[in-house]
Amino acid sequence: VLTCLFAVRVRCLRAMAAVEGFMTPALEALRTGVAPVVAAFEPYNQYEHLDVAYVVEGVALMYLAWAAATLVCSVTPVFKNAPMYAAYCFVGMVPICMLTYEGLMSFHEPTPETVEGRTYDFYDASARICMIQIIYQVFGIGVAFIAQGTLLSTIMIVHHVCTLTLGFINLNPFVVRRPNFLPLASG
């Protein structure tokens with residue numbers, strides 16, 4: 001039994017090393033590819049803790065995962081009629097799981113004693129939750145225009161735009177504005 005467990009462990013470690021060997025250069029290529037986009041948006045970032053690179057890389061990864069899932073769904077008999085929509089549902093579960101994880105893990109963070117502290121103190125998890133929501137909504141809007149169908153309905157577009165706006169609004173109490181940021185600096 002121990003020999004079998006050891007053999008499984010060795011195979012798992014080899015598989016993880018192979019995935020890491022592929023993913024590290026792939027992620028570096030992604031970071032290099034999105035660097036001009038990050039550089040273009042960074043001057044407009046009025047928030048000290050909004051990680052533009054995290055958001056842009058997250059959106060790019062969502063689109064890449066959606067494209068790969070669409071290819072898989074297009075050859076799967078069950079999803080052959082609507083592969084883009086099925087892929088959207090599958091890939092959309094990733095940020096939902098990330099949001100759930102961040103929310104559950106934030107229960108273990110200490111809570112400030114005052115109302116002002118609970119409202120305005122910076123929480124790293126809150127900023128990440130807002131950024132994940134922004135990633136998900138930018139992805140949803142883009143997929144709606146690419147896949148069309150039911151995803152491109154007026155109700156869905158308004159939903160994604162409103163939720164994206166709420167993601168940015170929710171950053172305000174938790175994320176410190178950069179000092180002397182013009183033209184959006186607050187006195």
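## Valine 34 in helix 1

Valine 34 sits in helix 1, which spans residues 2-41; helices here are DSSP runs of H or I with at least four residues, strands are runs of E with at least two, and both are numbered from the N terminus. This is a predicted model, where local features need pLDDT of at least 70, side-chain atom pairs count only at pLDDT 80 or more, and totals for chains, interfaces and linings use all residues. Residues are numbered from 1 along each chain as its sequence is written, and side-chain values use heavy atoms, with hydrogens and water left out.

With a relative accessible area of 9%, valine 34 is buried (under 20% is buried, over 50% exposed, and in between partly exposed, using a 1.4 Å probe and protein chains only). Setting aside neighbours within four places in sequence, valine 34 is in contact with Val56, Glu57 and Ala60; contact here means heavy atoms within 4.5 Å.

## Overall layout

The protein comes to six helices and zero strands, so to speak α-α-α-α-α-α when read along the sequence. Of the 187 residues, 30% are buried. Among contacts with a separation of 6 or more, 67% are between residues 24 or more positions apart.

## Helix 2 against helix 5

Two packed helices are described by the angle between their axes and the distance between the axes. Helix 2 (residues 52-74) and helix 5 (residues 124-147) pack at about 40 degrees, with axes 9 Å apart. The axes are lines fitted to C-alpha atoms, for helices over the stretch in contact, and angles run from 0 to 180 degrees between N-to-C directions. That makes helix 2 and helix 5 oblique to each other: under 35 degrees is roughly parallel, over 145 roughly antiparallel, 65 to 115 roughly perpendicular, and the rest oblique.

On the helix 2 side, the residues that meet helix 5 include Tyr54, Met62 and Trp66, while the helix 5 side includes Met131, Phe139 and Ala147. The residues of this contact divide into 16 nonpolar, two polar and no charged.

## Cysteines

There are zero disulfides in the structure, a disulfide being a pair of cysteine sulfur atoms within 2.5 Å. For cysteine 73, the nearest cysteine sulfur belongs to cysteine 89 and is 9.2 Å away. Cysteine 73 counts as buried at 3% relative accessibility, whereas cysteine 162 is partly exposed at 43%.

Technical notes:
Ala, Val, Leu, Ile, Met, Phe, Trp, Tyr, Cys and Pro count as nonpolar, Asp, Glu, Lys and Arg as charged, and the others, Gly among them, as polar.
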